[in-house]
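Take a look at the model below.

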Amino acid sequence: MTERNQVTTLPKMPPNARALLEALEQESQALNQRDQADPAREKLVARRIAAAEQLRQTGWPTRKHENWHYTGLTPLFESSFSLAATPNNDQDPADVAGLSDAALTPYLPPFETIRLVFVDGVFSESLSGGLDAIDDDLSIEMADADAIQSMTLADLRRYQGVQDGTRNAARPVAPSDAPSVDDVFVHINEMCLDQGLTIRLAPNKVLARPLQILQLVTQNDALVNLRVRFELGHHAQMSWLNQCACLDDAARSWVNRLQQVSLADGAVARQVDWQGLNDQSFLSSMTYVDQAPHSQWQNHALALGARWSRQQSYVCLNGEGADAEQNTLAWVRGQQLTDARTETQHGAAHCTSRQLHKFVVQDQGRGVFNGMIGVAKAAQKTDGQMDNKNLLLSPKAKMDTKPQLEIYADDVACSHGCASGEIDANQIFYAQARGIKHDEAVRMITQAFLLEPLESIAHDSLRQWLHDDLSKRLVALPSLQHQRDENA
Amino acid sequence: MTEATQYQEINDLLSKNQHYKEGFYTQTAVETFEKGLNETVIRAISAKKNEPQWMLDFRLKAFEHWKKMPEPHWAKAEYEPLDYQDYSYYSAPECNQCAVDEDEPVEEGIDPEVAKAFAALGVPLDGSGESDVAVDAIFDSVSVSTTKREELSKLGIIFCSFSEAVQEYPELVQQYLGTVVPHHDNYFAALNSAVASDGTFVYVPEGVRCPVDLSTYFRINEAKTGQFERTILIAEKGSYVSYLEGCSAPVRDTYQLHAAVVEVIVHERAEVKYSTVQNWYPGDEDCEGGILNFVTKRGVCEGDHAKLSWTQAETGSAITWKYPSCVLKGDHSIGEFYSVALTNRRQQADTGTKMIHLGKNTRSTIISKGLSAGHSDNTYRGLVRILPGADNARNFTQCDSMLIGNQCGAHTFPYIEVENPSAQMEHEATTSRIGEDQLFYCQQRGISEQDAISMIVNGFCKDVFSELPLEFAQEAEELLAVSLEGSVG
Amino acid sequence: MLLNVENLHAEVAEGGQPILKGLNLQVEPGEVHAIMGPNGAGKSTLSSVLAGRDDYEVTDGSAQFDGEDLLEMDPEERARKGVFLAFQYPVEIPGVSNKLFMQTAVNAVREERGQAPLDMFDFDEYAQSKMSTLNMRPDLLERSVNVGFSGGEKKRNDMYQMALLEPKLCIMDETDSGLDIDALKVVAKGVNALRSPERSFLVVTHYQRLLDYIKPDVVHVLYDGKIVKSGGFELVEKLENEGYDQIIQSHETGQ
């Protein structure tokens, strides 16, 4: 086992930040202790140790770090977390948590899916369904994490466009060997890695039923550390729905998820990423997408819950003619901080990327959008567009936006647009003049604003179901009349 | 400007040679300090300028602070850390020195070689009635001439060098120095506060509309010297002034440092138009030499209905690091930023603005046009910040980039922070190139490729050039054409 | 002879797909020729190749213009010698006024002809004189080239440019596509106004409707990169009644 004195000393940080970091290290060490005697887990142990070392070197990011300027970690430090407890032997986690099918009801869409349900990160066979639809072309493995590729520093740098060749060849930026503070949640994910989920779809296979991956969180002060990998063979097509929800409104949890998506030539993947954690919980999520020629990636992220969330996606368009669409719908209330980030690296010619990110921020909510489109020298004929539109509904609401372009190819059409403001008074008046009540008008206009990013979901009943679910939630919009009076 | 003269110009421009025509060096007797930076040097600069104690204290305070600060490298421009001991922090033509010592009118004391240099640069120093601009000419560390001072003083307008203002209007300087850009604001502002050489001081009294454009021409001549001018511009209630600055330097094979600070104070209902045509030596094809242009320019709209407008045409410098900003304190105050930044060869420009909205009903407009050619990198970096009290604030931002050739980069890094729901902001950015179809269309009408490019580029920059005073617009267009030569082909 | 195209072969520069496969065409001064054909026959390629667009590569054959080798010239040289292309989609150039654009173009052509350039005042006068013939809105001159113009205005602007440049050969590249009947009449009126014994036209179109207003002297049917039939105006009526199928069929059986 590692000797303490061989390990880098931690950088300076507040005591509670240090306590959290050390607690996580201990969790990692406990896993290593457990796996010490298992030769099959030797590699995994080494990976955990390496990640822990990287984390020690960087420590936590502070607001002085460019990518963390708007996203303070203080609320996370105020909590203590340990890895979610796992059931003994072959016990179904649903039995341990005392869950029945009824718990699923709010999360079941009105159409057939292949449903994989996880309770605190552990697969529950009893709650899952539609598994009979799995055939030879679709493989789903709850593998030892060892079977899942590690995220090396070189991998991360590649996704972040810091590699040779993707930057301006005239003055290449050397790939950095030093761990970066930006990758703090990646290091934590690697350091606490135990199980992973790998989903593979064979070439040319078109999966008719969507896959549904439902993550239910029940334990208090639990870190749920998830690692998921999707691999689609050439011209394979599938769509999936990620859901992340807490069953206990009072239990505080932290979901730290790393997803890798690998799309071969002409593969088509569509993801809906739905997040409705409770107001105490935290979500850090990283999604890395690798796109071969003519592949298509579509992501609709719905950020509806969590005290603090940061969802970062890196999309690498590595093959000619690849296409990526990334949309966000974020509803930020109460004390929430919701941070949505995309980095889209155009590495090959004739690729297109489209983005629409919409935020409605109310109460004391804080919304953050950070988007970067990078265009490498080789990526001629790139067509990249990124839009961010925000509605602020209360005097204490805050929105920070950084839409960025970094371009090294000359024959490209890239643009970004961004607008923040309140609801147009004319629109409200117009509705009122037609007999609609003020609050109803506000709700109607807000809903229409917020739902736009979902319009490109091709699966009709999925889109409709998400619409309906959101409409129900939006009834909870505060009486805006009241807030206006306060304002005046 | 009419379209016909624009056309005439394009032809004129194409016949010009593509070298940096301001790259000559003036041979004259100068007093230049030994290289190096320490407290003794700062005391010597202050003594040379015969400064009062408060000014020396300001310098020393800034120097103490500067020593503790790290050199910033966050901009999208790469440079080796500078050796600050390898620069001289004071250089002045000697003849001019004696003129100041003997308290003679400055105009008579101009070194003939220096006068020749300014004449060659097309800067009128004779102050004759013909010219409708008043000029402050700054040669390395000192102001050598300020024209039309007497005419202006009849209106109560103070237009003089910063050093003179320290002597003659100490209360005014003390009242405003460091209020907009504090001595600890950033690394280069702190350095400037410590070693400030000459700059311009402008004061326009209440209700006065300055009848001529005021202008400063900065010339760096000596090798291995830095220029650290400090400019303060104060517009009292209801006044108006249009101020222009231009700059150039000889061709040198090492980096030269230019770290200026400009502070602008705009009171109630006053309006200031601040225009810059920056043509510092950009370095040669292999990235040798050139000016490092690390500048802090900031203005505050103190009073209600105040208006500050920055317009810049940036074509020179090896590295530009410059964000002219507006702090919109007064209700209904207006901030504007119009910029054309052209980079060619291996130039790196990281420029933009900050619009800080504090007052109610404040408005800001940002129009930025970036052109990248050769092996250059051109970055727009801007902050729009709307604070909670800025009810009904409005911002409109448009950043357009154009790439010419495939070895260059164009980047847009906007920061937008909104903390007031009644505020409305809109940001648009596009990146494009001169389209093949546009070139073919022009060619099909008989227009050569070079003419077509000039035409399209000027069209691209039109929104900004129309904000520049006439002569400056002309100069900017010429510079653009000259700087673009050899970028396509 | 003004234009003599012999055995012209051309392919797409990127990809090498052959489009023109041995095209022959002779145009005398003052003649109006119509090139008709189904989609994909190579109509637009012919216009582009004659005007010098580098999207296409000529692999064989020749094109003589006024006795000179047209294919050797840059696009602007062709324009200066008197080849004018009316675009299917006129291009927008933001910030560049129509006036500056056209003054530059007119003076380029004048230089070629050994005439002195027009200064601002002379050009204004010249521009005004041409404007009345085409019922141009005067403010069109002050606006940026084609920016914010309606489809009809863009075409009208192209006709106006044609009038200003006084070319010898006008190539109308499917100028009628997407035009309503009023705009179509504007184009036809422009062409008819500019017809003269020294000026030839090559009207490339898919439909007969423009040709009803511009009565062409010669009508050619282009199919699969070759001219498969030529005739007088009666050929237009025949095509209108019978479609392209019969001509194509008889061409293919004839091979």
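**From a salt bridge to the interfaces**

A:R48 and A:D194 form a salt bridge, with their closest N and O atoms 3.9 Å apart. The term covers a side-chain nitrogen of Lys or Arg within 4 Å of a carboxyl oxygen of Asp or Glu. A:R48 sits in helix α2 (residues 42-58) of chain A, and A:D194 in the loop between α6 (184-191) and β5 (195-201) of chain A, so the pair ties together parts that are 146 residues apart in sequence. Helices (H or I, at least four residues) and strands (E, at least two) are DSSP runs, numbered from the N terminus. Over all chains, the whole structure holds 56 salt bridges. Side chains of opposite charge can pair when their charged atoms come close.

This is a predicted model, in which local features need pLDDT of at least 70 and side-chain atom pairs count only at pLDDT 80 or more, while totals for chains, interfaces and linings use all residues. Residues are numbered from 1 along each chain as its sequence is written, chains are lettered from A and ligands numbered from 1 in the order in which they are written, and side-chain values use heavy atoms, with hydrogens and water left out.

Chain A is assigned domain 1 (15-83), domain 2 (93-422) and domain 3 (423-478). These bounds come from an automatic or database domain assignment. Taken over C-alpha atoms, the centres of domain 1 and domain 3 of chain A are separated by 41 Å.

Now turn to chains A and B. Here 40 residues of chain A are in contact with 36 residues of chain B, contact meaning heavy atoms within 4.5 Å. The two chains bury about 3100 Å² between them, 45% of it on carbon and sulfur atoms. Buried area is the accessible area (1.4 Å probe) that two parts lose on being put together, summed over both.

Which side chains meet in a salt bridge between these chains? They are those of A:K398 and B:E419, at 3.7 Å from N to O. On the side of chain B that touches chain A, β23 (409-418) and β24 (424-433) of chain B each supply at least two residues. Strand β19 (residues 398-407) of chain A pairs with β23(B) in the antiparallel sense over six bridges; two strands pair if DSSP finds at least two bridges between them. In this pairing A:T401 stands opposite B:I416.

Chain C meets chain B through 32 residues, which contact 23 residues of chain B. Chain C and chain B bury about 2500 Å² between them, 66% of it on carbon and sulfur atoms. One salt bridge is found across this interface. B:R445 and C:D158 form a salt bridge, their closest N and O atoms 3.0 Å apart. Elements giving two or more residues to the side of chain C that touches chain B include β6 (83-86), α3 (98-112) and α5 (151-165) of chain C. The largest share, seven residues, comes from α3(C).

Chain C also has an open sheet. Four strands form it in the order β2-β1-β4-β5, with antiparallel pairing. At the edges stand β2 (18-27) and β5 (68-69) of chain C, each with a single partner strand, so one side of each is left without a neighbour in the sheet. Strand β1 (residues 3-12) of chain C pairs with β2(C) over seven bridges. There C:A10 stands opposite C:L20.
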